[in-house]
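Open the model in your viewer and color it by secondary structure. The tour below goes stop by stop, with a selection at each one.

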Amino acid sequence: MPQKAPRIAGVYLAAGSSLRMGKPKLSIRTGIGERPLGTIALQAAVRSRLDDLTIVTRERHSTIWAALDEHVRGESGRIRFADVDAGEAAKGLSRSIQAGLAAATSRKTADAVVILLADQPLVTAGMIDKLIEAFASDPSLQYAAYFNGEALSPPLLISSRLFGSLLGLEGDKGARELLRQPGLRGIAILPEKPELLLDIDTEQDLRKLDDYWINHGKEGEDEAT
């Protein structure tokens, strides 16, 4: 009898305070089709093999989400929102992760979640699918993550066996902190290009994003959408 495919939910973290940028960064228009920064990786997530997707935000009615293209809006049955108020978000990344996990598993159980950052605009659908494929091939894995040359990096997949540990995170600790525990069984994946893991925190990071776009042209568009 064929093995049932695991159900993988996505949690898209978009409730950060943008302290290092000094202004709300997810609404910044980028060189990638003039799209808001916060929507680019979301489009990749929608195109991936995730079974559904929860957007964790403090601004559900923001123009960022209203500006999503028809492809994403057409997925409304697959997308839900989880609200994090400003006070809770200020307590750290752990609160966003926990809100997303609760929403992602509220209607159906999930065998794993993929945690995605809204400020990683070069993450592709193919990168997300590699995490899903790794877990589907070996459901005993507790995690699958990317490796940036120094440490494990989002996007990353967390097995349901670690959901309790995710709910126990405190402060500004993210899922990467959880994966530092000894004895976990996981896999680290190298991206095709290290730039694909670029995390936009500063104006300098935005310039790096623009440089990547200029240097890769259509290739960059294919990878980042």
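**Stop 1: strand 4**

Select strand 4. In this predicted model, 6 of the 6 residues of strand 4 are buried, so the strand is largely enclosed by the rest of the structure. Show its side chains. A112, V114 and L116 point one way, V113, I115 and L117 point the other way, and all are buried.

Strand 1 pairs with strand 4 in the parallel sense, over 6 bridges. Pick I8: its bridge partner in strand 4 is A112. Strand 6, residues 152-159, also pairs with strand 4, here in the antiparallel sense and over 4 bridges. Pick V113 and look across to strand 6, where I158 stands opposite.

**Stop 2: strand 2**

Select strand 2. Like the previous stop, this strand can be read residue by residue. Strand 2 is mostly covered, with 6 of its 6 residues buried. From strand 2, D52, T54 and V56 point one way, while L53, I55 and T57 point the other way; all are buried.

G10 has L53 as its bridge partner in strand 2. Strand 2 also runs parallel to strand 3, with 5 bridges between them. Stay on L53 for that pairing: its bridge partner in strand 3 is I79.

**Stop 3**

Move to strand 7. Its pairing with strand 5, residues 143-147, is in the parallel sense and spans 4 bridges. Select Y143 to find its bridge partner in strand 7, G186.

Next, select helix 1, residues 37-47.

**Stop 3: the nonpolar cores**

Select Y12, L50, L53 and V114. These are the residues with the most contacts inside the largest nonpolar core, which has 41 residues. Strand 1, helix 1, strand 2, strand 4, helix 6 (125-137), strand 5 and helix 9 (203-224) each give two or more residues to this core.

Center on L50. Beyond residues up to four places away in sequence, L50 touches I8, A9, G10, A45, R78, V114, L116, I128 and I132.

Then go to the other core, which lies apart from the largest one and has 27 residues. To find it, select A82, L101, L156 and L162, which are among its members.

**Stop 4: K25**

Select K25, in the loop between strand 1 and helix 1. Is K25 buried or exposed? K25 has a relative accessible area of 9%; the cut-off for buried is under 20%, so K25 counts as buried. Show the side chain of D201 as well: the side chain of K25 makes a polar contact with it, at 2.9 Å. K25 and L206 are 181 residues apart in sequence, but 9.8 Å apart in space, C-alpha to C-alpha.

**Stop 5: Q142**

Select Q142, in the loop between helix 6 and strand 5. Q142 is also buried, with a relative accessible area of 17%. What is Q142 in contact with, leaving aside its neighbours within four places in sequence? Display L157, I158, S159, R161, L162, G183, L184 and R185. I158 is the residue that stands opposite V113, and L162 is one of the residues in the 27-residue core.

Zoom out. The chain has 9 helices and 7 strands. Of its 225 residues, 53% count as buried. Residues 24 or more positions apart account for 74% of them.

Conventions:
Residues are numbered from 1 along each chain as its sequence is written. This is a predicted model: local features need pLDDT of at least 70, side-chain atom pairs count only at pLDDT 80 or more; totals for chains, interfaces and linings use all residues. Side-chain values use heavy atoms; hydrogens and water are left out. Buried means under 20% relative accessible area, exposed over 50%, partly exposed in between (1.4 Å probe, protein chains only). Contact means heavy atoms within 4.5 Å. Two strands pair if DSSP finds at least two bridges between them. A polar contact is a pair of N or O atoms within 3.5 Å; within protein, one must be able to donate a hydrogen and the other to accept it, and residues adjacent in sequence count only if both atoms are side-chain atoms. A nonpolar core is a set of buried Ala, Val, Leu, Ile, Met, Phe, Trp, Tyr and Cys residues joined through side-chain atoms within 4.5 Å.
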